[in-house]
Amino acid sequence: MLKYLDFILDHYDKPFILDGYVEARIAGLKYVIEHGSVDRIIYNSINPINTREELQLIEKAKIKHAVIFDYDPSYITPPRRLALLTGDGKIEGLISKAKKLGIQNLLIDVVPTDIKSLGEVIETLLLVKATYPYPAGCGPANVSYYMAEYLKKELDEKVLVSSVDSVAQLFSDFLFYGPIERSEIAFESAFIVEEVKEGLSVPIYRMVMSIW
């Protein structure tokens, strides 16, 4: 983590996402506090299993921008994912949790896990966008990158990545793509889908509101 941060801070002057396993995120938080780079961090993520040390560091660092990881194995249906954000009496909502830490700007990641989950992700995106003003999106790379090896051999990589990305992007405000070697495919796919969106006579967000 520290080597990555050294490189990014030396060669890139825009905001960037701080992500990784919890130990790496904690090391990264300590590093950006020490180097005065907190204002450039989009923290990934506020989630159901943040550790106490992690939350204390987020508050100490005065992180203002973060991703909300809208997934828990007990909250996988679209209504339950919405409840994970809002709270349901059993758990505190992730949005409230983030606000208490001083986070001001949120990205809602609705987290696909496999191809079939993309259907739930689309429904969740519609629910979230009809309920909250925050940008909502997902990381479709999880679907294509972690797919069973035998399926990867059967499917052309460009077709797989562009198809999954396109489906996920139609109702998303942002996408997390990866690994970086797939950037060319991801960017070309994103360009086509954004051109399609530009051609809609009714903006996506208004379509969502009318549906719900």
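## Helix H9

H9 has 13 residues and spans 18 Å from its first C-alpha to its last. That is close to the 18 Å expected at 1.5 Å a residue, where the expected span is 1.5 Å times one less than the number of residues. Helices (H or I, at least four residues) and strands (E, at least two) are DSSP runs, numbered from the N terminus.

This is a predicted model: local features need pLDDT of at least 70, side-chain atom pairs count only at pLDDT 80 or more, and totals for chains, interfaces and linings use all residues. Residues are numbered from 1 along each chain as its sequence is written, and side-chain values use heavy atoms, with hydrogens and water left out.

Which residues of H9 are buried? They are Leu-160, Val-161, Val-164, Asp-165, Ala-168 and Gln-169. Buried means under 20% relative accessible area, exposed over 50%, and partly exposed in between (1.4 Å probe, protein chains only).

Contact here means heavy atoms within 4.5 Å.

Gly-137 is buried, with a relative accessible area of 0%. Leaving out residues up to four places away in sequence, Gly-137 touches Ile-108, Asp-109, Val-110, Leu-125, Ser-172, Asp-173 and Phe-174. Ile-122 is 15 residues from Gly-137 along the chain, and their C-alpha atoms are separated by 9.3 Å.

## The largest pocket

How much space lies in the largest pocket? About 2000 Å³. The search runs on a 1 Å grid over the protein atoms alone. A cavity is a set of points where a 1.4 Å probe fits but cannot get out, while a pocket is an open set with protein on both sides within 12 Å along at least five of seven lines. Lining residues have an atom within 4 Å of a point. Grid points are joined across faces, edges and corners, and a volume is the space filled by probe spheres set on the points.

The largest pocket has 42 lining residues. Ile-17, Asp-19, Gly-20, Asn-44 and Tyr-177 lie nearest its centre. Helix H1 (2-11), strand S1 (16-18), helix H2 (22-35), strand S2 (41-46) and helix H7 (141-145) each supply at least two lining residues. H1 provides the largest share, four residues. By type, the lining of the largest pocket divides into 28 nonpolar, nine polar and five charged residues. Ala, Val, Leu, Ile, Met, Phe, Trp, Tyr, Cys and Pro count as nonpolar, Asp, Glu, Lys and Arg as charged, and the others, Gly among them, as polar.

## The second largest pocket

The second largest pocket holds about 170 Å³ of space. It is lined by 13 residues, and Gln-169, Leu-175, Tyr-177, Ala-186 and Ala-190 are the closest to its centre. Helix H9 (157-169), strand S6 (174-175) and helix H10 (183-198) each give two or more residues to this lining. H10 gives the most, with six residues. The lining of the second largest pocket splits into six nonpolar, three polar and four charged residues.

## Backbone exceptions

Most residues other than glycine have a negative phi, and most peptide bonds are trans. The peptide bond from Asn-44 to Ser-45 is cis, with omega near 20 degrees. Ser-45 sits in strand S2.

Lys-62 is not a glycine, yet its phi is positive, near 60 degrees. Lys-62 lies in the loop between helix H3 (52-61) and strand S3 (65-69) and counts as exposed, at 56% relative accessibility. Val-111 also has a positive phi, of about 55 degrees. Val-111 is in the loop between strand S4 (105-109) and H6 and is buried, with a relative accessible area of 5%.

In helix H4 (residues 78-86), the buried residues are Pro-78, Arg-81, Leu-82, Ala-83, Leu-84 and Leu-85. They pack against S3, helix H5 (94-100), S4 and H6. Just after H4, Gly-87 takes a positive phi of about 90 degrees.

Ser-37 is placed in the loop between H2 and S2. Ser-37 counts as buried, at 9% relative accessibility. Ser-37 touches Leu-9 and Val-32, with residues up to four places away in sequence not counted.
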